[in-house]
Protein chains: 2
Amino acid sequence: MRYSKYFIPTLKENPGEAQVVSHRLMLRAGMISQLSAGIYNWLPLGLKVLQKVSEIVRDELNKASAIEILMPTLQPVELWQESGRYDAYGAEMLRIKDRNNREYAYGPTAEEVVTDIFRKNIRSYKDMPKNLYNIQWKFRDETRPRFGLMRGREFLMKDAYSFDVDYEAAKKSYYRMFTAYLNIFERMGLKTIPMQADTGPIGGNLSHEFIVLAETGESQVYCHKDFLKTDAPQGVDFDSDLLPIYEKWTSLYAATDEVCKEEDIKKEDIITARGIEVGQVFYLGKKYSEKLKAEVLNDKGQPVTVEMGCYGIGVSRVVPAIIEASHDEHGIIWPESVAPFKAVVINLNQGVSETDKVSEEIYQKLLNAKVDVLYDDRNERAGVKFKDNDLIGIPYQIIVGKKGLENGGVVEFKTRKTGEKETLSVEEALNKIIGK
Amino acid sequence: MRYSKYFIPTLKENPGEAQVVSHRLMLRAGMISQLSAGIYNWLPLGLKVLQKVSEIVRDELNKASAIEILMPTLQPVELWQESGRYDAYGAEMLRIKDRNNREYAYGPTAEEVVTDIFRKNIRSYKDMPKNLYNIQWKFRDETRPRFGLMRGREFLMKDAYSFDVDYEAAKKSYYRMFTAYLNIFERMGLKTIPMQADTGPIGGNLSHEFIVLAETGESQVYCHKDFLKTDAPQGVDFDSDLLPIYEKWTSLYAATDEVCKEEDIKKEDIITARGIEVGQVFYLGKKYSEKLKAEVLNDKGQPVTVEMGCYGIGVSRVVPAIIEASHDEHGIIWPESVAPFKAVVINLNQGVSETDKVSEEIYQKLLNAKVDVLYDDRNERAGVKFKDNDLIGIPYQIIVGKKGLENGGVVEFKTRKTGEKETLSVEEALNKIIGK
């Protein structure tokens, strides 16, 4: 992509309304723009990251045998009346009347709709377990939308729902999603810790929040220091017994401010950190299936009410969470897996035939090698280009200048994360990107 | 994907509510299910097609230098008041009040929002032309939602908007989209003809509807018979002059029932057909840019109001349109480019060790070759399997049965479109799929 033909409206000044670093940087990097309170346009750079994050979520869930569907944004309220949540959900649920005065909700979540799909189509234990998920826009009418996408109103959520014939099977579904989540966040370059969460009236301990550690995080969290050196499991077989992985990740202490006990967080080896919730896994039991009468025949031919679990990831919230966890005073530092582009070619002397020629060659070679690459071909001063490119945070910069080309035909290779600069031949610079 | 673990809830009976063939087949093939009037769940098979259609649209628009963004579903009504359409749009626009009594519209289209993005960010002719598009859910509160997704209320639309500094440039943007549309529909295996459409108060002739020819189409259309042998241009350079392509495709007569004149359709070589509108390109002039004051400085440093065009494709409508154009009495016949799976392996004797072994081997080899393949491993009778697989319309079937394996280790290779069956060795059958 040529920068001059693209659309990255960066801002020089810090926008006044942005109170947190991710909101500030997303606005400044031209990733989003506000349309209304808690409602944002995704500009090209932001959308590319959102799509890469979605693709990782999709890919890892599919590996864990979850099946993608898509439920509409508008839901008939009759289903919410059936589940008993029509009144309980309160003003956060946006209620809408159509031209025939029929009432709908802009889905804040989809337990009712997915249970309705299940009960209408699945009748036997033989067709289970089933885990249906979708990545769809949701709306929650927050009293005070703030912090940009961190607490927006229209937001993109991945919500998965498992259906099992009994509690033992439901636990296995829970472990599968728990394990998939470890992989999902690791692939995004995030240090994420599952923390025991409140299970409310459902009871038990099958509820975990996945918390990204970030110095600028919204809430205080506590965890055993060994979590910092625990890596997500590799190459998991999702048909195997995942209890050992679950136990490994839940045997150490980890809790948010809301649920921690004072005696626990004072213990040795417990560290205090800041965190951002990006996902939650939750065993629901028969809460919805009983109300909506989602029953199947078990292996004895008897009707049983199914066991459910729900599993959310705030996809549009993950984007600012990554920025909170990975930035410096110059701007964003994208982990490679979610970066809008892997590399940028910066032409310092646009209009000078030799730098144009070499920059163009590098750009074309990277395109031919299927590298997602940006070419900064703008008629701008070097200072502006350095600043903008550090701000938007593409992992690798190949900087082409007249001086280097005259002095042995070299270019500069800069790694955004470390700031490290190397003087390399064009060939060496290309290999650094293509070889990766 | 293993059929037994997947979720394809096919129906044996024709659903009573479905009046058109695409609606009937989408319900029967378990692609969608109705949630409410004009509002549908996309089940796995339907969603896969929707995603493949979206990906073709995205890919071809990117080639034509359009830039993807994403605008929210909810739009503040102030922008609609500014454009003068708040009252004009009428009851088809779903209007919503949030908890603070602020009014929003569920976007039926996005001219206002995209013009707002443009005017806030682009100030100079140097940053033009620009064409911004998004693929996003829209809502139109139809009086009588019907024909399934053909006339739904919540629907997925690709809407692109071009911005140019003058009329000459705007025409070029129009030709680019016109040409991209020819490629988009051709890639989906559709015979699509651009037909002159009404330009209303804007005048001129820069408005075309793209009509898919299908015997079961909703409207009567007329076109020169040479259109049937005209193919979309190949390998177009979108930076070149596209006027010749535009002229080639508009020099022959083509018109819908609404705009045709009786003397024209009586001429020689004009054929009568049925069609379905799947896209429209429309030159807007300054209709929105004047009202919303979208101005840039031209090359003389003078402020000019920008010229716009809008370009829609009903992405969720294309799916049933493809079915209308490509089906038989047994079910859907997917063109390969949009098929939910490219091939299906049908095990006729599930549970018999030899057919299980061979079927599994074929399935694994296709997976390893990155073929999107379904494996029908259900414990069902051959008749049920044949029926379901013809219904869901995957292009190629490899049928593995005990008898064939005993008689020289052969399988059957069936092409869904022609019904042609060949008896082949496993190796030959695999090569037919992988070689393609």
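Modeller: From strand β21(A), the residues A:Y396, A:I398 and A:V400 point one way, while A:Q397 and A:I399 point the other way. All of them are buried in this predicted model. In a regular strand the side chains alternate between the two faces of the sheet. Strand β21 of chain A spans residues 396-400, and five of its five residues are buried, so the strand is largely enclosed by the rest of the structure.

β21(A) has partner strands in both senses of pairing. Strand β19 of chain A, residues 343-347, pairs with β21(A) in the parallel sense over five bridges. In this pairing A:A343 stands opposite A:Y396 of β21(A). Strand β22 of chain A, residues 410-415, pairs with β21(A) in the antiparallel sense, over four bridges. Here A:I399 has A:E412 of β22(A) opposite.

Chain B can be described at the level of the sheet. There, five strands form an open sheet in the order β20-β19-β21-β22-β23, with mixed pairing. Strands of a sheet pair through backbone hydrogen bonds, either parallel or antiparallel. At the edges of this sheet stand β20 (373-376) and β23 (421-425) of chain B; each has a single partner strand, so one side of each is left without a neighbour in the sheet. From one strand to the next, the twist averages 25°. Strand β21 of chain B, residues 396-400, runs antiparallel to strand β22 of chain B, residues 410-415, and four bridges join the two. B:I398 has B:F413 in β22(B) as its bridge partner.

Helices pack on this sheet as well. Helix α11 of chain B, residues 353-368, touches β19 (343-347), β20 and β21 of chain B, and its direction makes about 170° with that of β19(B). Helix α14 of chain B, residues 426-434, lies across β19, β21, β22 and β23 of chain B. The direction of α14(B) is at about 120° to β23(B).

Chain B also has an open sheet of three strands, in the order β4-β6-β5, with antiparallel pairing. β4 and β5 of chain B are its edge strands, each with a single partner, so one side of each is left without a neighbour in the sheet. Neighbouring strands of this sheet are turned by 40° against each other on average, direction ignored. Between β5(B) and strand β6 of chain B, residues 103-106, there are four bridges, and the two run antiparallel. B:K97 stands opposite B:E103 of β6(B).

Not counting residues up to four places away in sequence, B:T109 touches B:K138 and B:D159. B:V306 is 197 residues from B:T109 in sequence, and their C-alpha atoms are 19 Å apart in space.

A loop residue of chain A can be described in the same terms. A:L190 lies in the loop between α6 (167-187) and β9 (192-196) of chain A. With 24 other C-beta atoms within 10 Å, A:L190 is buried. Leaving aside neighbours within four places in sequence, A:L190 is in contact with A:F185, A:V212, A:I322 and A:A325.

Next comes a pair of helices. In chain B, helix α2 (residues 44-63) and helix α6 (residues 167-187) pack at an angle of about 150°, with their axes 9 Å apart. Angles over 145 degrees count as roughly antiparallel, and α2(B) and α6(B) are therefore roughly antiparallel to each other. Their crossing is right-handed. α2(B) contributes B:I56, B:V57, B:E60 and B:L61 to the contact, and α6(B) contributes B:A180, B:N183, B:I184 and B:R187. These residues divide into five nonpolar, one polar and two charged.

Finally, the two chains touch each other. The contact takes 39 residues from chain B and 39 residues from chain A. Among the elements of chain B that give two or more residues to this side are α2, α5 (111-121), β5 (94-97) and β7 (130-139). By class, the side of chain B that touches chain A has 24 nonpolar, seven polar and eight charged residues.

Conventions:
Residues numbered from 1 in each chain as written. Chains lettered and ligands numbered in written order. Predicted model: local features only at pLDDT ≥ 70, side-chain atom pairs only at ≥ 80, totals over all residues. Axes fitted to C-alpha atoms, helices over the stretch in contact; angles between N-to-C directions. Parallel < 35°, antiparallel > 145°, perpendicular 65-115°, else oblique. Left-handed = near helix turned anticlockwise from the far one by under 90°. Contact = placed C-beta atoms within 7 Å. Nonpolar A, V, L, I, M, F, W, Y, C, P; charged D, E, K, R; others polar. Pairing = 2+ DSSP bridges. Buried ≥ 20, exposed ≤ 12 C-beta atoms within 10 Å, placed from the backbone.
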